[in-house]
Amino acid sequence: MATTNNIRQHLQATTKTVVSGQMIRNHLHNFGLRARRPVQGTTLTANHRAARRAWCTQHVRWQRQQWAQVLFTDESRFCLEPADGHIRVWRRRGERFVEGAVLERQRFGGGSVMVWRGISTRLRTPLYHVVGNLTGVRYQNEILQPLVVPALQAIGPRAILQDDNAPPHRSAAVNTFLQQARVNRMLWPANSPDLNPIEHMWDELCRRVQQHHPPPANLGQLLQWLQQEWNGVPRAFICNLIHSMRQRCVECLAHNGGHTRY
């Protein structure tokens, strides 16, 4: 991370020179650099980047009709008090996604509710409240069987399930169930929430819930508002998200499998 403190420590370690943070900031300003909030992204190793490149190469030429067959799914947590970081990094205009300007961190935390949902250009599933830890058995019994399979049947015989590589999704029991149910499942590159358009549904839900005044007083009210706003998101908004899949692939390839603006 290209923070003032990191730059000062690097200079001290390599040149044995001790400089003030203000001196560093002054020199950086002279080179056209300004402190910006870093983009938050999941950790990407060389293997992650290679897998993302391979996946995007395979799917970049897909047409909208093909993406219309995909049911995008995910779980996410919503907190009563979302964190608002105040970290800044030094970068020039247009360098938002360069190495050192992206803050990689694990997500979630605090008092929250976990919900699951799925979207396609043709339908959206109910918003399902996941209470406690989601295991492979629960994922099969509470989500796949009652929610996913009917949704895939409604999409059509060529429907494809997209879910990520979370342990409950890839358990032996789940794999067996999906094979027996003849579900066509999409392989998914690890640590790639930016390739999943449903992540922007979470952003939209957060924005809509935060417009409520006063804010939710407890987790029950938060869940109620999430379910209400989930049903209120226009279908056109969902379709536009899924129609962005080709551009997501293009941008990921342009960044050599690295972070994208999505």
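Trp55 and Trp188 are both buried, meaning under 20% relative accessible area, with over 50% called exposed and anything in between partly exposed (1.4 Å probe, protein chains only). The model is a predicted one, where local features need pLDDT of at least 70, side-chain atom pairs count only at pLDDT 80 or more, and totals for chains, interfaces and linings use all residues. Residues are numbered from 1 along each chain as its sequence is written, and side-chain values use heavy atoms, with hydrogens and water left out.

Five aromatic pairs turn up in the structure; rings of Phe, Tyr and Trp (its six-membered ring) pair if their centres lie within 6.5 Å, and planes under 30 degrees apart are stacked, over 60 edge-to-face and the rest tilted. Trp55 and Trp188 make an edge-to-face pair, at 5.0 Å centre to centre and 70° between the planes. Trp55 sits in helix α3 and Trp188 in the loop between β9 (184–185) and α7, so this pair ties together parts 133 residues apart in sequence. Helices (H or I, at least four residues) and strands (E, at least two) are DSSP runs numbered from the N terminus.

Trp62 and Trp67 pair up too, this time tilted, with 4.7 Å centre to centre and 50° between the planes. Trp62 counts as buried at 18% relative accessibility, and Trp67 is buried at 3%. Together with Phe72, Trp55, Trp62, Trp67 and Trp188 form one aromatic cluster.
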